[in-house]
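Here is a short report on one protein. Look at the sequence and the structure first, then read on.

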Amino acid sequence: FPGETEKDFEELCQFVQAAQFDRLGVFSYSDEETSRSFALDGKVSAREIYNRKRHLMALQRKISRRMNRRYVGQEVPVLIEGRSEESNLVWQARMATQAPDIDGICYLGDFGDVEPRPGQFRKMRVTAAHDYDLVGDLVDDPPAEEVIAVNPFPIIASTSGRQHTHQ
């Protein structure tokens, strides 16, 4: 941000180290003519913006890896998303704390004899942790198939549970 000094940036880095965020997004300031900050003095060079962003993300990557390692061996609920874009051999899922297209994901190695279905909530045992992603195996039984009885004659169905009699 215009006017951000090296001292300001170091203070931000110390705050990030102290806060130990589970997840953190870092965005580069961009000068837009329609924003009030456009008229401010003390613009930070593009190279410095890039270096500061890289430094801050390197700090967060170490924090994230350490935070993710605490999940190894734990069983966590996940939402099955489907086959991974990385490989058809791997499925992916998300914990409630992992936002799509922003945070890391969970890769599923072993899911047992029954292939999971997108949209299922399952339990995953975490077997490995990376900077932003987790790897694990499904450890619960898949949910029972929900069978919905279809009445071909809904007009004669009773909402009160009584049979209609005609006279």
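## A parallel pair and a hairpin

L108 has G136 in β5 as its bridge partner. This pairing belongs to a predicted model. Strand β3 covers residues 106–108, and strand β5 covers residues 134–138. The two strands run parallel and are joined by three bridges.

Strand β5 also pairs with strand β4, residues 121–129. Here the sense is antiparallel, and the pairing extends over five bridges. A128 is placed opposite V135 in β5. How many residues lie between β4 and β5 in their hairpin? Four residues separate the two strands.

## The other strand pairs

Strand β4 has another antiparallel partner, strand β1, which spans residues 75–83. Five bridges join β1 and β4. At one place in this pairing, E75 faces R125 in β4.

Strand β1 pairs with strand β2 as well. Strand β2 takes in residues 91–94. These two strands run antiparallel, with four bridges between them. Among the residues involved, G82 has Q92 in β2 as its bridge partner.

Follow the pairings one by one. Strand β2 pairs with β1, β1 pairs with β4, β4 pairs with β5, and β5 pairs with β3.

## The whole protein

The protein contains two helices and five strands. Starting at the N terminus, the order is α-α-β-β-β-β-β.

The chain has 167 residues, and 26% of them count as buried. The accessible surface is about 12200 Å². Carbon and sulfur atoms account for 53% of that surface. Consider next the contacts between residues at least 6 apart in sequence. Of these, 58% link residues at least 24 apart.

Helix α2 holds L56. Is L56 buried or exposed? L56 counts as buried because its relative accessibility is 7%, and the cut-off for buried is under 20%.

Which residues does L56 touch, leaving out those up to four places away in sequence? The list is F9, L12, C13, V16 and V26. L56 and E10 are 46 residues apart along the chain. Their C-alpha atoms are separated by 9.7 Å.

## The largest pocket

The largest pocket holds about 290 Å³ of space. Its lining is made up of 17 residues. Which of these lie nearest the centre of the largest pocket? They are R23, L24, G25, I102 and D103.

The lining of the largest pocket can also be sorted by class. Eight residues are nonpolar, five are polar and four are charged.

## The second largest pocket

The second largest pocket has a volume of about 230 Å³. It is lined by 15 residues. Closest to its centre are E4, V26, F27, S28 and R52. One of these, V26, is also touched by L56.

Which elements give two or more residues to the lining of the second largest pocket? They are α1, residues 6–19, and α2, residues 46–69. Helix α2 provides the largest share, with four residues. By class, this lining has ten nonpolar, two polar and three charged residues.

Conventions. Residues numbered from 1 in each chain as written. Predicted model: local features only at pLDDT ≥ 70, side-chain atom pairs only at ≥ 80, totals over all residues. Heavy atoms only, no water. 1 Å grid on protein atoms, 1.4 Å probe; cavity = no way out; pocket = protein on both sides within 12 Å on 5 of 7 lines; lining within 4 Å. Points joined across faces, edges and corners; volume = space filled by probe spheres on them. Nonpolar A, V, L, I, M, F, W, Y, C, P; charged D, E, K, R; others polar. Buried < 20%, exposed > 50% of the residue type's maximum accessible area, 1.4 Å probe, protein only. Contact = heavy atoms within 4.5 Å. Areas by Shrake-Rupley, 256 points an atom, 1.4 Å probe, with all protein chains shown as cover. Pairing = 2+ DSSP bridges.
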